[in-house]
Amino acid sequence: MAPHNIPIFDAEVLLKCQNTLGEGVVWDSKTQLLHWVDIFASTLHSYNPSTGAHSIDKYPSKCLTYITPRTYNKGFLGTFEGSLVELPEPTTPTELTPKPTINEKQPTKVISEPLNEVLLKDETIRFNDGGVDPKGRVFVGSMGQDETAEVYPGELWRYDLDGTKTKILEQVGVSNGLGFSPDGKLMYYIDSRKDQIDVFDYDLSTGTPSNRKVFASSPPALDDQHPTEGVYDGLCLDGVGNVWVARWRNGRVVGINPQGEIIAMIRVDGSKGATIPCFGGPNLETMYITTASSSQGGPGDSAKYPNSGDLYSVDFGPDSPIRKVLGEGWKGAERYRAGI
């Protein structure tokens with residue numbers, strides 16, 4: 001029995017892709033394809049939900065940590081361990097298998113390398129997650145690779161439409177989920193060294209966040225068998241301003257309304273490491289969730305969490321159980337596209 005009255009729903013395994021660290025999931029409405037990365041494999045996955053076809057592109061870097069479609073150009077922007085890069089169009093998925101042929105790819109351009117060269121070379125830091133604001137500005141964040149270190153060496157950078165880069169935050173532990181309210185007046189942000197979600201007032205005209213404060217702290221236990229563990233990881237927002245946040249090493253996604261109240265929890269059964277959700281599908285009424293391998297969760301977790309690393313989905317359609325909670329006015333939302 002759950003120790004609360006928050007409604008709980010279940011995600012289902014959609015693709016048994018067995019990623020080591022699946023992340024960065026994003027829907028592209030122009031192609032009706034889903035994309036995500038497997039960070040340490042440095043691979044970009046593409047999936048067609050209408051056919052079940054899947055493709056994998058591999059890049060010559062230690063890791064590929066974040067991707068975003070672009071508004072005015074083909075292909076994606078992405079982050080390797082220390083650089084913001086342009087990536088070509090992903091391979092069109094045609095193979096009906098969780099383990100398709102791996103296509104070797106190269107970035108088309110290195111846009112920027114803003115991180116400290118010494119800290120990057122000795123693997124103290126690397127890029128991690130990012131986000132795009134409603135104007136198309138791109139935010140990319142870095143993290144300290146020793147997640148027990150007392151010093152927080154990460155940063156958050158903003159790239160304007162003309163390519164100008166600005167350091168927005170420093171002393172970041174693990175830069176993670178980042179998103180914007182539908183009106184563009186709030187920026188939500190997660191540093192996963194702290195088990196909380198922060199919110200900033202956001203000046204959309206200048207791209208400046210200010211007045212940082214805590215939006216949400218640790219959620220209650222999922223149920224009697226699943227205590228509160230881990231930290232907040234990646235996030236997305238729906239079309240009415242609810243924030244949906246994955247719980248790293250806690251096997252769930254938490255839905256929080258603009259007032260900071262938990263409205264629903266989604267159990268990612270069979271996987272301990274939910275990493276990030278997004279909305280997609282023809283009407284943006286499916287939630288997709290990437291996960292991490294059981295090796296990222298703890299010793300002995302592989303038998304208990306056999307679907308760790310797989311891709312999950314949740315139906316948010318008009319007749320779905322979760323819509324009975326969210327109400328008739330609910331709608332999904334696509335992530336913003338990069339304007340650079």
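Strands β12 and β13 (residues 138–144) pair in the antiparallel sense over six bridges. Pairing here requires that DSSP finds at least two bridges between two strands. Strands (E, at least two residues) and helices (H or I, at least four) are DSSP runs numbered from the N terminus. The model is a predicted one: local features need pLDDT of at least 70, side-chain atom pairs count only at pLDDT 80 or more, and totals for chains, interfaces and linings use all residues. Residues are numbered from 1 along each chain as its sequence is written, and side-chain values use heavy atoms, with hydrogens and water left out.

The two strands form a hairpin with five residues between them. Gly136, in the turn, has a positive phi of about 100°. Within the pairing, Gly131 has Phe139 of β13 as its bridge partner. Strand β12 (residues 125–132) is mostly covered, with eight of its eight residues buried. Buried means under 20% relative accessible area, exposed means over 50%, and partly exposed lies in between (1.4 Å probe, protein chains only).

A salt bridge is a side-chain nitrogen of Lys or Arg within 4 Å of a carboxyl oxygen of Asp or Glu. By this rule the count comes to 15 salt bridges. In one of the pairs, Asp133 bridges to Arg137, with the closest N and O atoms 2.6 Å apart. Both Asp133 and Arg137 are buried. Arg137 also forms a salt bridge with Asp160, at 3.9 Å from N to O. Arg137 lies in the loop between β12 and β13, and Asp160 in the loop between β14 (154–159) and β15 (165–172), so the pair ties together parts that are 23 residues apart in sequence. The relative accessible area of Arg137 is 9%, which makes this residue buried. Asp160 is buried as well, with a relative accessible area of 15%. A further salt bridge joins Arg158 to Asp160 at 2.7 Å, N to O. Arg158 counts as buried at 7% relative accessibility. Through shared partners, salt bridges join Asp133, Arg137, Arg158 and Asp160 into one network. Side chains of opposite charge can pair when their charged atoms come close.

Arg252 presents another case. This residue is found in strand β22 (residues 252–256). Arg252 is buried yet has no salt bridge. The nearest side chain of opposite charge, Asp195, is 7.8 Å away. For charge, Lys and Arg count as positive and Asp and Glu as negative, while His and the chain ends are not counted. The side chain of Arg252 makes a polar contact with the side chain of Asn250 at 2.9 Å. A polar atom of the Arg252 side chain also lies 2.8 Å from the backbone oxygen of Pro220. A polar contact is a pair of N or O atoms within 3.5 Å; within protein, one must be able to donate a hydrogen and the other to accept it, and residues adjacent in sequence count only if both atoms are side-chain atoms.

Strands β3, β4, β5, β6 and β10 build an open sheet of five strands, in the order β3-β4-β5-β6-β10 and with mixed pairing. β3 (22–28) and β10 (102–104) stand at the edges, each with a single partner strand, so one side of each is left without a neighbour in the sheet. The twist averages 25° from one strand to the next. Inside this order, six bridges join β5 (residues 43–48) to β6 (residues 53–58), and the two run antiparallel. Tyr47 stands opposite His54 in β6.

An unreviewed entry places the feature "domain: SMP-30/Gluconolactonase/LRE-like region" at residues 21–292. Over residues 21–292 the chain is 2% helix and 51% strand. The end C-alpha atoms of this stretch are 4 Å apart. The annotation "active site", also from an unreviewed entry, covers Asp233. Such annotations may be inferred rather than shown by experiment. Asp233 has its place in strand β20 (residues 231–237). At 4% relative accessibility, Asp233 counts as buried.

Val268 is found in the loop between β23 (262–267) and β24 (273–280). Val268 counts as buried at 2% relative accessibility. Val268 and Asp191 are 77 residues apart in sequence and, C-alpha to C-alpha, 22 Å apart in space.

Terms used
Axes are lines fitted to C-alpha atoms, for helices over the stretch in contact, and angles run from 0 to 180 degrees between N-to-C directions.
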